[in-house]
Each structure stands twice: as C-alpha cells, then as structure tokens.
Amino acid sequence: KRLLIHAIIPYFVTVKGLGDAETEEMCREWLERTGVDYARYRSLVRCEIRAVRRKGLKPMRIERFRERYADIRV
C-alpha cells in the first residue's frame with residue numbers, strides 16, 4: 001500500500017504521464033502480480049490517482065522510502 005501511494009502511482013501519473021484509467025490498470029496488474037486482490041484497493045488507487053494529479057506529486061526517492069519505511073525491502 002505504501003509503495004503504491006509514494007512511488008508507483010506518482011511515477012505513472014507525473015513521470016510517465018499516463019491517464020487515470022491507464023494508471024489504474026497498471027496498478028491493478030501490479031497488485032494482482034503480487035497476489036493482492038485489487039477489489040480491496042480499488043478506491044484507494046482511484047483516490048490517490050486524483051490526489052497525485054491535483055497536487056503534482058513526484059515519486060518518493062528510494063533512499064527516502066527506505067529511510068521512512070525500514071520494514072519494507074525495496
């Protein structure tokens with residue numbers, strides 16, 4: 001969930017310039033590959049896509065992500 005919010009969604013929206021539907025589809029594919037049921041995260045993904053687009057957020061740097069979330073291996 002944290003990786004989606006801080007890295008994946010901002011990357012697709014601001015760096016790759018994908019539209020909302022394309023970003024949502026890429027997130028769905030990623031979640032399914034990791035064994036997570038997309039239906040549980042659908043509203044979160046949609047809300048975060050809108051927030052990233054509205055605020056113009058960029059992906060969090062890997063160093064900062066590791067520092068903030070030491071419990072996740074990236």
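**Entry 1: helix α1**

I began with helix α1, residues 2-15, which has 14 residues and reaches 18 Å from its first C-alpha to its last, close to the 20 Å expected at 1.5 Å a residue. I note here that this is a predicted model, and I read every value below as computed from that model.

I then looked for a bend in α1 and found a kink of about 30° at I8, which lies shortly before the proline P10. Both I8 and P10 are on the list of buried residues of this helix, and the list also holds L4, H6, A7, I9, F12 and V13. When I asked which elements these buried residues of α1 pack against, I found α2 (20-33), α3 (42-55) and α4 (62-68). Just after α1, I marked G17 for its positive phi of about 75°.

**Entry 2: V15**

I next looked up V15, which lies in helix α1. Leaving aside residues up to four places away in sequence, I found that V15 touches P10 and P59. I also checked V15 against L57, and their C-alpha atoms are 9.8 Å apart in space, although the two residues are 42 residues apart in sequence.

**Entry 3: helix α2**

For α2 I noted 14 residues and a reach of 20 Å from the first C-alpha to the last, close to the 20 Å expected at 1.5 Å a residue. Which residues of α2 are buried? I found T23, E24, C27 and L31. They cover an arc of only 100° around the axis, and so they sit on the same side of α2. On the other side of α2, I found A21 and R33 exposed.

The buried residues of α2 pack against α1 and α3. After α2 comes G35, for which I wrote down a positive phi, near 85°.

**Entry 4: M26**

I stayed in helix α2 to look up M26, which has its place there. M26 counts as partly exposed, because its relative accessible area is 32% and that class lies between the cut-offs of 20% and 50%. With residues up to four places away in sequence left out, M26 touches F12 and L18. For M26 and F12 I also took the C-alpha to C-alpha distance, which is 8.3 Å, with the two residues 14 residues apart in sequence.

**Entry 5: helix α3**

I turned to α3, which has 14 residues and reaches 20 Å from its first C-alpha to its last, close to the 20 Å expected at 1.5 Å a residue. Its buried residues are V45, E48, I49, A51 and V52, and I found that the buried residues of α3 pack against α1 and α2. Just after α3, G56 takes a positive phi, which I recorded as about 70°.

**Entry 6: the nonpolar core**

I then looked at the largest nonpolar core, which has 13 residues, and asked which of them touch the most other members. These are L4, I9, C27, L31 and V45. The elements that give two or more residues to this core are α1, α2 and α3, and the largest share, five residues, comes from α1.

**Entry 7: aromatic rings**

I searched for aromatic pairs, taking rings whose centres lie within 6.5 Å, and the count by this rule comes to two. One that I looked up is F65 and Y69, where the ring centres are 5.0 Å apart and the planes stand at 55°, so the pair is tilted. I wrote down that F65 and Y69 are both buried.

**Entry 8: E63**

Is E63 buried or exposed? With a relative accessible area of 52%, E63 is exposed, because the cut-off for that word is over 50%. I also compared the positions of E63 and D37, which are 26 residues apart along the chain, and their C-alpha atoms are separated by 28 Å.

How values were computed. Residues numbered from 1 in each chain as written. Predicted model: local features only at pLDDT ≥ 70, side-chain atom pairs only at ≥ 80, totals over all residues. Heavy atoms only, no water. Helix = DSSP H or I, 4+ residues; strand = E, 2+ residues; numbered from the N terminus. Expected span 1.5 Å × (residues − 1). Bend = angle between axes of the 7 residues up to and from the residue. Buried < 20%, exposed > 50% of the residue type's maximum accessible area, 1.4 Å probe, protein only. Contact = heavy atoms within 4.5 Å. Phe/Tyr/Trp six-rings, centres within 6.5 Å; stacked < 30°, edge-to-face > 60°. Arc of directions from axis to C-beta. Core = buried A, V, L, I, M, F, W, Y, C linked by side-chain atoms within 4.5 Å.
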